[in-house]
Amino acid sequence: MKFRDASADLLSDFLTNLNKINKFKLRNVSNCSENFRDARLTEYIFLMTKELKLDPAAGFHAVEILQKFIVKHLSELLTEPTPQGATEGGMFDMLKENFPVLIFSCVQLSSKLSFLTQRIDNDTAVRFLHSVGHSVSKQALLESELMVLKVLEFRINDPNPLTYVEVLLEVLGNNQPSIPVERLHELCHHVLQFVSLERKAIFDSLLVSTTQCASPSKEQREKFVAVTEDYMLLGVGVIAVASFIHWLEKWKQSCLAAIRKRADPLGDFWIEEPHGALQQRRHPEEPQQQPQPPPQQPRRRRCDASKK
């Protein structure tokens, strides 16, 4: 369903369902999940979705699929017995070698879940991977995709952060029609991308501010995972930042308009120059007064005593 197409009843159901999913996820969150959210991987996925002309939601969903896959797959490798004839080091080396293809498989799977974007077929996938320096066969792509699905037990349709943002925005617009939801939706995309790329710096700063400790302990960091993985809280924060940016732009425009209209007693006014500078100018409707010459004193007749 497209953004702004849901009815009020559907929005209520969506919000209730998202809240239940979010609470369930927080009860079962892994303490090490934050360790696998690498900014370089996130940026790589965003650039990949842009190059493939996919909907931005596919990028956010691919990040979630990859993060869940890494956490679950590595947990299985470290806890389950090593298969006969294989070594733990060899299995990690194989994972490292196939990792670029696994990343692409997450993007490919996310494209198949979206109704708003084109699906990536295997021919497109092979050409794209070849263009970035990876020679992969169609069979290898299928095996990689199947590996991700099996590790996640085919549960890859969990809501991503953008889903929370869009549902909250729609509820907000439904309750208050005067809110510029479309403009906020556009700003939220940029804010959420920024938060995803600068996630570590943002949440580390928030942790230090919350604990009032420059070097939080391991126990404090583990408890703070419930904050970093709370997508409902993240969605509210992203909308708040987008709203601040939107109204800040409005306030700036209003202030500049007021400055332009404000004239001084001599008919001068202020206009905005390039780079935000303000310069005083004479109002075009008021002609500049030419300086008047000083009034001439009447010439006095000279009295000549000799003529008397």
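This is a predicted model: local features need pLDDT of at least 70, side-chain atom pairs count only at pLDDT 80 or more; totals for chains, interfaces and linings use all residues.
Q: OK, so how are H5 and H6 arranged toward each other?
A: Helix H5 (residues 122-131) and helix H6 (residues 138-151) have axes that cross at roughly 105° and come within 10 Å. H5 and H6 are therefore roughly perpendicular to each other.

Q: Which residues in H5 and H6 meet?
A: From H5 you have Asn122, Asp123, Ala125, Val126 and Leu129, and they meet Lys138, Leu141 and Leu142 in H6. By type, the residues of that contact are five nonpolar, one polar and two charged.

Q: Now H9 and H10, at what angle do they pack?
A: About 120°, with the axes of H9 (residues 199-211) and H10 (residues 218-228) 11 Å apart. That angle makes H9 oblique to H10.

Q: Is the crossing of H9 and H10 left-handed or right-handed?
A: Right-handed.

Q: And which residues of H9 and H10 meet there?
A: On the H9 side, Arg199, Phe203, Asp204, Leu206, Leu207, Thr210 and Thr211; on the H10 side, Gln220, Arg221, Phe224, Val227 and Thr228. That contact splits into five nonpolar, four polar and three charged residues.

Q: Zooming out, how many helices and strands does the protein have?
A: There are 11 helices and two strands. Going from the N terminus, the order is α-α-α-α-α-α-α-α-α-α-α-β-β.

Q: How much of the protein is buried?
A: Of its 308 residues, 32% are buried. The protein exposes about 20,600 Å², and carbon and sulfur atoms supply 55% of that area.

How values were computed
Residues are numbered from 1 along each chain as its sequence is written. Side-chain values use heavy atoms; hydrogens and water are left out. Axes are lines fitted to C-alpha atoms, for helices over the stretch in contact, and angles run from 0 to 180 degrees between N-to-C directions. Helices (H or I, at least four residues) and strands (E, at least two) are DSSP runs, numbered from the N terminus. Angles under 35 degrees count as roughly parallel, over 145 as roughly antiparallel, 65 to 115 as roughly perpendicular and the rest as oblique. A crossing is left-handed if the near helix is turned anticlockwise from the far one by less than a right angle, and right-handed if clockwise. Contact means heavy atoms within 4.5 Å. Ala, Val, Leu, Ile, Met, Phe, Trp, Tyr, Cys and Pro count as nonpolar, Asp, Glu, Lys and Arg as charged, and the others, Gly among them, as polar. Buried means under 20% relative accessible area, exposed over 50%, partly exposed in between (1.4 Å probe, protein chains only). Accessible areas come from the Shrake-Rupley method with a 1.4 Å probe; for residues, only the protein chains shown count as cover.
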